[in-house]
Amino acid sequence: MKNLFVLPVVAFGLLVGTQGINAQETASNDNTEVTAPVQEKYIDLAVENLPQKVLDAVAKDFAGATIEQAAAKEDASEFKLILKQGEKEMEVYCDVDGNWITK
């Protein structure tokens, strides 16, 4: 008689115990992290204020192109240039030494 009472209590205890474990596993898996891409900030810059190495690189690698707009990172380590060559307009990036950066 005692076994008839103990067996349903143990079964109920296992059922409730496993439900708690499943709930905990589900809750712990919801720790997803959302990251947004960081946009680089450029400050407008007069073409006359570009370093000579950048101007030389444009003259060498984009002969006949004119610099329509220029911008620099806040630390002036990288420059964004809008070049116009004939009807074609392009956006290029270079570092302070006139080396081209691929983005």
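Strands β3 and β4 run antiparallel and are joined by 8 bridges; strands here are DSSP E runs of at least two residues, helices are H or I runs of at least four, both numbered from the N terminus, and two strands pair if DSSP finds at least two bridges between them. This is a predicted model, where local features need pLDDT of at least 70, side-chain atom pairs count only at pLDDT 80 or more, and totals for chains, interfaces and linings use all residues. Residues are numbered from 1 along each chain as its sequence is written, and side-chain values use heavy atoms, with hydrogens and water left out.

**Strands and turns**

- K84 has E89, over in β4, as its bridge partner.
- The β3–β4 hairpin has 2 residues between its strands, and G86 in that turn has a positive phi of about 70°.
- β4 also pairs with β5, again in the antiparallel sense, over 2 bridges.
- The β4–β5 hairpin has 4 residues between the strands, and G98 takes a positive phi near 85°.

- D95 sits in strand β4, residues 88–95.
- D95 is buried but has no salt bridge, and K53, the nearest side chain of opposite charge, is 8.4 Å away. Buried means under 20% relative accessible area, exposed over 50%, and partly exposed in between (1.4 Å probe, protein chains only). For charge, Lys and Arg count as positive and Asp and Glu as negative, with His and the chain ends not counted.
- What the D95 side chain does reach is backbone: the nitrogen of D97 at 3.0 Å, and the nitrogen of N99, which lies 2.8 Å from one of its polar atoms.
- Leaving out residues up to four places away in sequence, D95 touches V54, S77, E78, F79 and I101 (contact means heavy atoms within 4.5 Å).

**Salt bridges**

- The structure holds 3 salt bridges, each being a side-chain nitrogen of Lys or Arg within 4 Å of a carboxyl oxygen of Asp or Glu.
- K53 and D97 meet in one of them, at 3.6 Å from N to O. This pair links distant parts of the chain, with K53 in helix α2 (residues 52–61) and D97 in the loop between β4 and β5 (100–101), 44 residues apart.
- Both ends of that pair are partly exposed: K53 has a relative accessible area of 49%, and D97 comes in at 44%.
- K103 and E78 form another, at 2.8 Å from N to O. Here K103 lies in the segment after β5 and E78 in strand β3 (residues 78–85), 25 residues apart.
- E78 also bridges to K73, with the closest N and O atoms 3.6 Å apart, and K73, E78 and K103 are linked in a network of salt bridges.

**Nonpolar core**

- The largest nonpolar core has 14 residues, of which L50, F62, I67, L81 and L83 touch the most other members. Such a core is a set of buried Ala, Val, Leu, Ile, Met, Phe, Trp, Tyr and Cys residues joined through side-chain atoms within 4.5 Å.
- α2, β2 (66–73), β3 and β4 each supply at least two residues of this core.
- I67 is in contact with V47, L50, L55, V58, L81, I82 and L83, leaving aside its neighbours within four places in sequence.

Key: Polar contact = N/O pair within 3.5 Å; in protein donor to acceptor, adjacent residues only side chain to side chain.
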